[in-house]
Amino acid sequence: MSEHQTTHVLSPAISALARAELAPLAGAIDQQGLYPQAFLRKLGELGGFGASIPRESGGLGLDLADQIDITTRIGAECGSTAFLVWCQSTCAWYLQHAPNEAPRTRYLRRVARGELLAGTGMSNPVKHLAGIERIHLTAARAGDGYIVNGALPWVSNVGPDHLAIVAAAVGNEGFVMFAVHGSAAGLELHPCPEFCGMEGTRTLNLRFKDLHLDAQDVLAHPHQFARFIERIKPGFILGQAGMGFGVVEGSLKTIRESNASHAHVNVFLDDQGSELAAELAELKAEAAGLARQAQAGPAPLLPVLKVRARASELALRAANSAVLHAGAKGYLMRHPAQRRLREAVFVAIVTPALKHLRKEIDDLERTQRQAA
């Protein structure tokens, strides 16, 4: 069976699982903060986190474009869970490309299969590298390992039995990127203030107090970090596009359902379903092409940033249009359109946020103009 045949068979199975077992939970995930751990385990058994991971490492041996499609299918039912899928699959992406073999051997297979759930705490380092905020974690060398201190205000898909992948500044040397178990000595997990949405994403405050980091858990030492972040950053960003695409798909469903009875008046609204669907198809194709480049090697960053920004913008427009198409029903807290609106805002503010993306786009375009 070819790769394309494999993903053709896999995708309907994942969509069916999402409709049967995730869709009924979407309201509780959104409004009661239910963490869908059992669903995540089942999705992992299907390969829902390992599309881009080689078969010998527990994945499906496909590529990042297929992983984005999986995240999209989950997001069509629940944006919070799509975010968790991105967290898990992105941790697998980090481990797959880590220059050090030890963490790959220890964690990749279990993360790719969803046996070990994992969260990425790279928001702060990515913003720091973009000149947006200071780095929150620091590390001092201690033999072959490091001593880590500091706090990350919110990291998602984490817990006492989870893994987190984060980075810390090592003096003037650069950065160390590493994996840490939620139960590690020197790490405390604390709840965050209540969010307006995404409460079911197990988002916690991570506080490091003299945590001893063993070299076996280091994905990249300071001398390896710059090349490593260049390798993983396009995939990190592109993977989030599936979250936005899923929100658009869910919004289009609301628009279609609303038009069954109110098309005669909905026709006067901006952002009609057919227009949004055409834009989504074009953006999906562009993202898939870039994802295949990212699978093979570093993809060009500027088009990656632009695709991710457009995914945010399209999700905001589609979710807003869905609420307006639904009318008064869309203002009910229990209506899916209300949830979609908050999910779309999250897509636009999670790192890299829309303003962050536009800053990096501007920086790169200015550099290109100066070089011309």
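User: Is R310 buried, exposed or partly exposed?
Analyst: R310 is partly exposed, because its relative accessible area is 31%. This is a predicted model.

User: Which residue does the R310 side chain meet in a salt bridge?
Analyst: E286, at 2.8 Å from N to O.

User: What is the relative accessibility of R358?
Analyst: 48%, which counts as partly exposed. For E313 the value is 28%, and E313 also counts as partly exposed.

User: Which residue pairs with D363 in a salt bridge?
Analyst: K359, with 2.9 Å from N to O between the side chains.

User: How many residues apart are those in helix 13?
Analyst: Four, so about one helical turn separates D363 and K359. D363 is partly exposed at a relative accessible area of 27%, and K359 is partly exposed at 31%.

User: Which residues are linked with them in a network of salt bridges?
Analyst: The network links K359, D362, D363 and R366.

User: How many salt bridges in the whole structure?
Analyst: A search of the whole structure gives 19.

User: Changing topic. How much space lies in the largest pocket?
Analyst: About 760 Å³.

User: What lines it, and which residues lie nearest the centre?
Analyst: The lining of the largest pocket has 34 residues, and those nearest its centre are W154, F346, I349, V350 and T351.

User: Which helices and strands supply at least two residues of that lining?
Analyst: Helix 5 (79-97), helix 7 (123-129), helix 12 (336-349), helix 13 (354-371) and strand 3 (145-155) each do. Helix 13 also holds R358, as well as D363 and K359.

User: How many of the lining residues are nonpolar, polar or charged?
Analyst: The lining of the largest pocket has 18 nonpolar residues, 12 polar ones and four charged ones.

Methods. Residues numbered from 1 in each chain as written. Predicted model: local features only at pLDDT ≥ 70, side-chain atom pairs only at ≥ 80, totals over all residues. Heavy atoms only, no water. 1 Å grid on protein atoms, 1.4 Å probe; cavity = no way out; pocket = protein on both sides within 12 Å on 5 of 7 lines; lining within 4 Å. Points joined across faces, edges and corners; volume = space filled by probe spheres on them. Nonpolar A, V, L, I, M, F, W, Y, C, P; charged D, E, K, R; others polar. Salt bridge = Lys/Arg side-chain N within 4 Å of Asp/Glu carboxyl O. Buried < 20%, exposed > 50% of the residue type's maximum accessible area, 1.4 Å probe, protein only.
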